[in-house]
Amino acid sequence: MVKVKVVGGSTTLNFLLLPHLCFSSRTSTTMVFWIFGYGSLVWNPGFDYDEKVMGFIKDYKRVFDLACIDHSGTPEHPARTLTLEKTEGAICYGAAYCVRGGAERERLAMEYLERRECEYDQKTRVEFYKEGDALQPALTGVIVFTSTPDKSVNKYYLGPAPLEDMARQIAIASGPCGNNREYLFKLEKALYDIGHEEDYVIELANEVRKVLGIVEKGFVIKEKKLVGSSHIPLKTAHNIAELKLHRPLPLSEAVGVTMDS
């Protein structure tokens, strides 16, 4: 028996393997598997796919409100990882991945994703839009992993916290697959690379840099030299030319300085 819950304009499904049926607004119905990534899946999908499309979904925003205890954190010191918060009018940019070739390839991809995204208790079907066409969805029925924003329902849900508290948690958490700050800095860079930085992510990353001691006396340490501003500027406060002067530190530089300090 399948439980289906309708949430706003999307549908949340609470069973293990979903029917791999995706509808394209441009074409006839096709039997393909599409998954939307808004966190590490953007830069590290980790599974075989046939097509990657950059775009966005509507009425969701990223929040670091979910615990991770098996990748970048531990049960004793959980990391903070992304989930999506339903927010009317919000836009969340990311990558949609398509898997074709039959049920076996789709099964393998979903099994991998379910192991990797084990902290998420929901798979939600959403409409996916390509940049330049915000009115007509390019795809419908795209799967995205989400979390119930209720600690009594999902034990991994942490909820919101003050920026400083989240930064301290992210700065010290680490797990078998890396540390929490790497996840945040890679997200910051990935959003920069696709041209859709988010103030929320930049603010949090800058606060983590403060905690790590990368920021000292108004400067950012880069390649063991003092250069530039102490903060990566918020996108709403500067024009494009200025943003190019303050590109986020590559992870190798930012983390390397942290380990040396």
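This report walks through a predicted model of one protein chain, from its overall make-up to a few pairs of side chains.

## The chain as a whole

The protein chain contains 6 helices and 13 strands. It has 261 residues, and 49% of them count as buried.

Some of the pairs described below give you examples to look for in the structure.

Find strand E8, which covers residues 139-146. Is this strand largely enclosed or largely open? Of its 8 residues, 7 are buried, so the rest of the structure largely encloses strand E8.

Strand E7 covers residues 122-130 and is joined to E8 by 6 bridges. The two strands run antiparallel. Within this pairing, Lys 123 is found opposite Phe 145 of E8.

## Salt bridges

Here is a simple idea to keep in mind: side chains of opposite charge can pair when their charged atoms come close. In this model the count of salt bridges is 12.

One of them joins the side chains of Glu 51 and Arg 100, with 2.7 Å from N to O. Glu 51 belongs to strand E5 (residues 51-68), while Arg 100 sits in the loop between strand E6 (79-99) and helix H1 (103-116), so this pair ties together parts that are 49 residues apart in sequence. Glu 51 is partly exposed, at 29% relative accessibility. Arg 100 is partly exposed too, with a relative accessible area of 35%.

Another salt bridge stays within a helix. Glu 111 and Arg 107 meet through their side chains, again at 2.7 Å from N to O. How far apart are these two residues in helix H1? They are 4 residues apart, which means that about one helical turn separates them. Glu 111 has a relative accessible area of 29% and is partly exposed; Arg 107 counts as partly exposed at 29% as well.

Now return to Lys 123. This residue forms a salt bridge with Glu 114, and their closest N and O atoms are 3.0 Å apart. Are Lys 123 and Glu 114 buried or exposed? Both are buried.

Ser 40 lies in the loop between strand E4 (33-37) and E5. Its relative accessibility is 18%, so Ser 40 counts as buried, a label that applies under 20%.

Which residues does Ser 40 touch, once neighbours within four places in sequence are set aside? They are Pro 45, Arg 116 and Tyr 183. With Arg 116, the side chain of Ser 40 also makes a polar contact of 2.8 Å.

## Aromatic rings

A pair of aromatic rings is described by the distance of the centres and the angle of the planes. The structure has 11 aromatic pairs. In one of them, the ring centres of Phe 56 and Tyr 93 are 5.2 Å apart and the planes meet at 55°, so this pair is tilted. Phe 56 is in strand E5 and Tyr 93 in strand E6, so the pair links distant parts of the chain, 37 residues apart. Both residues are buried: Phe 56 has a relative accessibility of 3%, and Tyr 93 has a relative accessible area of 18%.

Tyr 120 and Phe 145 make an edge-to-face pair, at 6.5 Å from centre to centre and with 70° between the planes. This pair also links distant parts of the chain, 25 residues apart, with Tyr 120 in the loop between H1 and E7 and Phe 145 in strand E8. Tyr 120 is buried at 12% relative accessibility, and Phe 145 is buried with a relative accessible area of 5%.

Finally, look for a group of rings: Trp 43, Phe 64, Tyr 183 and Tyr 200 form one aromatic cluster. Tyr 183 is also one of the contacts of Ser 40.

Note on methods:
Residues numbered from 1 in each chain as written. Predicted model: local features only at pLDDT ≥ 70, side-chain atom pairs only at ≥ 80, totals over all residues. Heavy atoms only, no water. Buried < 20%, exposed > 50% of the residue type's maximum accessible area, 1.4 Å probe, protein only. Pairing = 2+ DSSP bridges. Salt bridge = Lys/Arg side-chain N within 4 Å of Asp/Glu carboxyl O. Polar contact = N/O pair within 3.5 Å; in protein donor to acceptor, adjacent residues only side chain to side chain. Contact = heavy atoms within 4.5 Å. Phe/Tyr/Trp six-rings, centres within 6.5 Å; stacked < 30°, edge-to-face > 60°.
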